[in-house]
Amino acid sequence: MKMTGNELKALGYQEGKALGMALDILETELAHLTVDEQAKLLTEVLRQPADFETHAQFSKLAIELLRPATDTIALAESRLPYAIYGAEAIEEGALRQMEMAMKLPITVGGALMPDAHQGYGLPIGGVLATKNAVIPYGVGVDIGCRMCMTLYDLPTTILEEKKEALKKMLVNNTMFGQATFKKPKDHEILERREFSEIKIAREMKDRAAKQIGSSGGGNHFVEFGIVEILTEVNEYNLAPGQYVAVLSHSGSRGLGATIASYYTKVAMETCKLPQEAKHLAWLDLDKEAGQEYWLAMNLAGDYASACHHQIHERMAIGLRETPLAMFENHHNFAWKEKDTFGNEIIVHRKGATPAGAGVLGIIPGSMATPGFIVRGKGLAASINSASHGAGRLMSRTKAKQTILPGQVNKLLKQAGVELIGSGLDEAPMAYKDIHQVMESQKDLVEVLGSFMPKIVRMCGDEKFKEVD
């Protein structure tokens, strides 16, 4: 006896390719199982849609789930406690992923930020502290993705008075997705020894040189806006008032994505976890692969920073001005830090940013809502962390299916925002309420100022999107 198509639909399979593949697998590999066993197995497959895009992948995953894992590393029966900020706005999938991460034998602490949503392995917005181990998917695909802001002592009226010139400046001086500059600028990062000593980095050096100074797709952007400083920022002698600012969001491009993919595979081959936890496979930092990944991760993070600095150099030249200050913070990274007892821990912040005592940062909203310049308060319960933005309220697919262009245009007009590029998946209503997110983490950061976008450039082509 086997399950029927209607029973598969009851599990969540929709009419189409996935349902057809499930029926085929039931006829072949799973025919000997009971209906209850088939249902349990196919429910697990359904949780991992990216892993069964083809019939062969579906079949392989189903068989792997059946195979007894004699060398599998066991998870703890109960999880370690962890702090959750803004729990009322966090989806079940993200909570489930965090619960899993808190059962790893290497885990010593964790926290979930108010912008959290489901990802691969560790949820986006997840913070995980481990002992002497690094999880490539705990860092994320776009290694070292970051925010970078420069402030200028210019009248904010130029954003309206010189709008067309500023739009042209953005178009001429920024590149997104697969597009690159015909003559990329050189940078000292390309001379780093890791590009010659680490095989995967060596193979990516030419591509990195071509992509330097450019931005990814998806939610990456470069924009002009207005900063309002509320309280003096002594580090830069910034007095309260309004300033013109340039804000950019992007990461390590193809270099980071390739490093993440390669070392995730290495981790999964050497660290056998239960199927439902496989994306949390780690690398031991006492072993060669772990040490090599650590060097490659830091290279990718520094490369991402170099890309931003070139973006801001180009904009400064276009404005014919010297910035008063530059703020920069990053996520999708792992740091060596100390816990409250002075022990070294590895802190993964996937879609979360450092918020140690006195640490400056930027937490953006959306293309039509404000972002914030903040100073960390160093709360131990949050593992010295804060959110990296508003966080998605709906998936890209759902956003494109439910949001109408007219709704977006109306909202942008009300906010006085000029948009170049982007798609419906980046519409402001696809994101959580940034004010609610900030309220949920008022114990984590102090707000020093706000940033309101006015002229925004994004990729505008979904095929070039990158994972945040």
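Me: How many bridges join S6 to strand S7?
Reply: Nine, and S6 and S7 (residues 241-250) run antiparallel. Two strands count as paired if DSSP finds at least two bridges between them. Strands (E, at least two residues) and helices (H or I, at least four) are DSSP runs numbered from the N terminus. This is a predicted model, in which local features need pLDDT of at least 70 and side-chain atom pairs count only at pLDDT 80 or more, while totals for chains, interfaces and linings use all residues. Residues are numbered from 1 along each chain as its sequence is written, and side-chain values use heavy atoms, with hydrogens and water left out.

Me: Which residue in S7 stands opposite Ile226?
Reply: Val244.

Me: And which way do S6 and S17 run?
Reply: S6 and S17 (residues 445-458) are antiparallel, joined by nine bridges. Within that pairing, Val227 has Phe451 of S17 as its bridge partner.

Me: How many residues of S6 are buried?
Reply: Eight of the nine in S6 (residues 221-229). Buried is under 20% relative accessible area, exposed is over 50%, and partly exposed is in between (1.4 Å probe, protein chains only).

Me: What does Thr156 touch?
Reply: Ile226, Gln242, Tyr243 and Val244, leaving out residues up to four places away in sequence. Contact means heavy atoms within 4.5 Å. Thr156 sits in the loop between strand S5 (146-152) and helix H7 (158-161), and counts as buried at 19% relative accessibility.

Me: Switching to the open sheet. What order do its five strands have?
Reply: S1-S2-S3-S11-S10, with mixed pairing. S1 (83-84) and S10 are the edge strands, each pairing on one side only.

Me: How many bridges do S2 and S3 pair over?
Reply: Six, in the antiparallel sense, with S3 covering residues 124-130. His117 has Ile124 of S3 as its bridge partner.

Me: Which strands does H5 lie across?
Reply: H5 (residues 92-101) lies across S1, S2 and S3, at about 170 degrees to S2. Axes are lines fitted to C-alpha atoms, for helices over the stretch in contact, and angles between N-to-C directions run from 0 to 180 degrees.

Me: Where is Ala116, and is it buried or exposed?
Reply: Ala116 is in S2 (residues 107-117) and is buried, at 1% relative accessible area. Beyond neighbours within four places in sequence, its contacts are Ile90, Ala94, Ile124, Gly125 and Lys432.

Me: At what angle do H11 and H12 pack?
Reply: About 165 degrees, with the axes of H11 (residues 253-270) and H12 (residues 288-319) 9 Å apart. H11 and H12 are therefore roughly antiparallel (under 35 degrees is roughly parallel, over 145 roughly antiparallel, 65 to 115 roughly perpendicular, the rest oblique).

Me: Which residues of H11 and H12 make the contact?
Reply: Those of H11 include Ile259, Tyr263 and Val266, and those of H12 include Tyr293, Ala300 and Cys307.

Me: Last topic. What is phi of Asn332?
Reply: About 50 degrees, positive although Asn332 is not a glycine. Most residues other than glycine have a negative phi. Asn332 lies in the loop between S9 (325-330) and S10 (333-338) and is buried at 0% relative accessible area.

Me: And phi of Asn384, what is that near?
Reply: Near 55 degrees, again a positive value in a residue other than glycine. Asn384 is in the loop between S14 (371-376) and S15 (385-387), and counts as partly exposed at 23% relative accessibility.
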